[in-house]
Amino acid sequence: MAERAAPGGAGPEAAAPVPAGPQALELSREEKLQLRKEKKQQKKKKRSEKGPAAEPPELGTPSDPGQPRVAAHPASLPALADGPSDGEKPSGGKSKAELRAERRAKQEAERAQKQAKKAELSQAATAAKPRLTPTEPQSVVKRLPEHVQVDDPAAQRKLAKKLERQQVPLRQDYGTKVNLFSHLHQYSRKKPLTQQMSIPSTVIHPAVVRLGLQYSQGIINGSNARCIALLEVFKQLIRDYSTPPNEELSRDLVAKLKPHISFLNQCRPLSASMGNAIKFLKKEISCLPDTLREEEAKEKLQDTIDKYLREKILLAAEAISRSAFEKINDNDVILVYGCSSLVNRTLCDAHVKKGRAFRVIVVDSRPRLEGRETLRRLVRKGIHCTYVMINAISYVLPEVSKVLLGAHALLANGSVMSRVGTSQIALVSKAYNVPVLVCCETYKFCERVQTDSFVSNELDDPDDLIVLRKGQAQLGGWAENKSLRLLNLVYDVTPPDLVDLVITDLGMIPCTSVPVVLRVKNVDQ
């Protein structure tokens, strides 16, 4: 029989598990298995070197049958379950601390190699990239509309391909342009549009062709008039539309509108009011439910257009007229410029409906001389008027009590885009401490930001600047003279600092409130 160990001897200690070191728990299961394998291989190697005779007897088995079985001492039991502690080194092995140190060193070496490769790649990229000299302009990503990239051949090729897919002809520019405005289109009004480009009758609706000719010849002018005519033509286009088989009206109608819009843009660049109206119409078409029949959908779209015309233009003009009346007093001298339908209605309502007695100074400029139409309308209503050219405003401003101007568009930064010459009038009025009021509907508010009149503008026919005096034209044959170029700008941009108040259909606001109105409109839509 085996001898029983004493209570204070090695027996109880042998039965209890060997405690692991404090850092043994940090090793993963795979690392423990690896350590066990290494331990077993070392034992087998030692046994093979000593030979079978030198092998110790197995624990718990007596080497001689006559000798009793003796329990092994705990110190002779290797901690195989948890591996050796940090301070212990198995014969021929490494401690856990040394293994961890090796792993850390290996990871740091790999990180250093990655950083070195990144540095080499960045140096190679900077060396391969050509350095721009101070005189060489840096390449800037252009995000501009196609009609203001005329001097970019790539943009023009892209536009030509787009028009070719839509079967819309490309209109050619006319004459030599001033270098500062070479990125804008310049068309001639002398030659009819039908002679400059072939118009496919199968793609473009006849009503759209007629409207495009009126735009190009200058028969329809003014932001409101152009927008109203556009929406009326779109109503006729929707009435004559029929959905092809296996097509949805909400998708096919938008695709049918695109060539018509491109054609009108070739006749004359779209105004900000027209662009907003087109966005509104496309959104309404895309939101049509699929359950509606074709006739119901067409009627709904026509009613939507009528509602837009009534609320955004007609009722808005009425609201602006009422608000502006509060700023017009008896015996006022009001200065107006050009021909704005909104300003003309405001003055006529204040005089005829409200009975205010005031005098109007109509300022005009060449070559359009639109102020003459304003003069006719006001005189017809019995308003006392004075007519001067724009180069004489410094002589009449001392007697002016306020300046009332129209607007082509109000930009997101508060600038006012209007007929060329508006900014000069606002600047001189500011010098004379005369308040400048701008009347503008909110549907003309535009999200575009512009601080000058060069990037986005419109060039009119340069031949309009030729004046006949006694049957002779001083600038006749200007196109043949290479050193002579004519510039006929349509719009200019007035900074918000020169405008005291903007009268809108939402009330009287400063120019700085334009972004707030745009944000509210986007939320409502």
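Me: How is the crossing of α7 and α9 handed, left or right?
Reply: In this predicted model, α7 and α9 cross in the right-handed sense.

Me: What numbers describe how two helices pack?
Reply: Two packed helices are described by the angle between their axes and by the distance between those axes. Here the axes of helix α7 (residues 223–239) and helix α9 (residues 272–286) come within 9 Å and cross at roughly 30°. The helices α7 and α9 are therefore roughly parallel to each other, since angles under 35 degrees count that way.

Me: Which residues of α7 and α9 meet?
Reply: On the α7 side they are Ser223, Arg226, Cys227, Leu230, Leu231, Phe234 and Ile238. On the α9 side they are Ser273, Met274, Ala277, Ile278 and Leu281. Sorted by class, this contact of α7 with α9 holds nine nonpolar, two polar and one charged residues.

Me: At what angle do α6 and α7 pack?
Reply: Again, the angle between the axes and the distance between them give the description. Helix α6 (residues 206–217) packs against α7 at about 165°, and the two axes are 9 Å apart. That makes α6 roughly antiparallel to α7, as angles over 145 degrees do. The crossing of α6 and α7 is left-handed.

Me: What makes the contact between α6 and α7?
Reply: From α6 come Ala207, Val208, Arg210, Leu211 and Tyr215, and from α7 come Arg226, Ala229, Leu230, Val233 and Gln236. By class, the contact of α6 with α7 has seven nonpolar, one polar and two charged residues.

Me: Now the sheets. In what order do the strands of the seven-strand sheet lie?
Reply: Strands of a sheet pair through backbone hydrogen bonds, either parallel or antiparallel. The seven-strand sheet is open, its order is β3-β2-β1-β4-β7-β11-β12, and its pairing is mixed. At its edges are β3 (384–389) and β12 (507–509), each of which pairs on one side only. Neighbouring strands of this sheet are turned by 25° against each other on average, direction ignored.

Me: In which sense do β2 and β3 pair?
Reply: Strand β2 (residues 358–364) pairs with β3 in the parallel sense, over six bridges. As an example, Val362 has Tyr387 of β3 as its bridge partner.

Me: What is the strand order in the three-strand sheet?
Reply: This open sheet has the order β5-β6-β10, and its pairing is antiparallel. Strands β5 (409–410) and β10 (491–494) are at the edges with a single partner strand each, so one side of each has no neighbour in the sheet.

Me: How many bridges join the strands of this sheet?
Reply: Two bridges join β5 to β6, and four bridges link β6 (residues 416–419) to β10. Ala409 stands opposite Met417 in β6. Val416 has Thr494 in β10 as its bridge partner, and Ser418 has Asp492 in β10.

Me: Which residue takes a positive phi in the hairpin of β5 and β6?
Reply: The hairpin has five residues between the strands, and Gly414 takes a positive phi near 90° there. A positive phi also occurs at Asn246, a residue other than glycine, with a value near 60°. Asn246 is in the loop between α7 and α8 (249–267).

Me: Where is the cis peptide bond?
Reply: The cis bond joins Arg366 and Pro367, with omega about 5°. Pro367 is in the loop between β2 and α12 (371–380).

Me: One last feature. How many aromatic pairs are counted?
Reply: Rings count as a pair if their centres lie within 6.5 Å, and by this rule there are four aromatic pairs. One of them is the edge-to-face pair of Tyr174 and Trp478, at 6.4 Å centre to centre with 85° between the planes.

Me: Why does the pair of Tyr174 and Trp478 tie together parts that are apart in sequence?
Reply: Tyr174 is in the loop between α4 (153–165) and α5 (193–196), and Trp478 is in the loop between β9 (472–473) and β10, so the pair ties together parts that are 304 residues apart in sequence.

Terms used: Residues numbered from 1 in each chain as written. Predicted model: local features only at pLDDT ≥ 70, side-chain atom pairs only at ≥ 80, totals over all residues. Heavy atoms only, no water. Axes fitted to C-alpha atoms, helices over the stretch in contact; angles between N-to-C directions. Parallel < 35°, antiparallel > 145°, perpendicular 65-115°, else oblique. Left-handed = near helix turned anticlockwise from the far one by under 90°. Contact = heavy atoms within 4.5 Å. Nonpolar A, V, L, I, M, F, W, Y, C, P; charged D, E, K, R; others polar. Pairing = 2+ DSSP bridges. Phe/Tyr/Trp six-rings, centres within 6.5 Å; stacked < 30°, edge-to-face > 60°.
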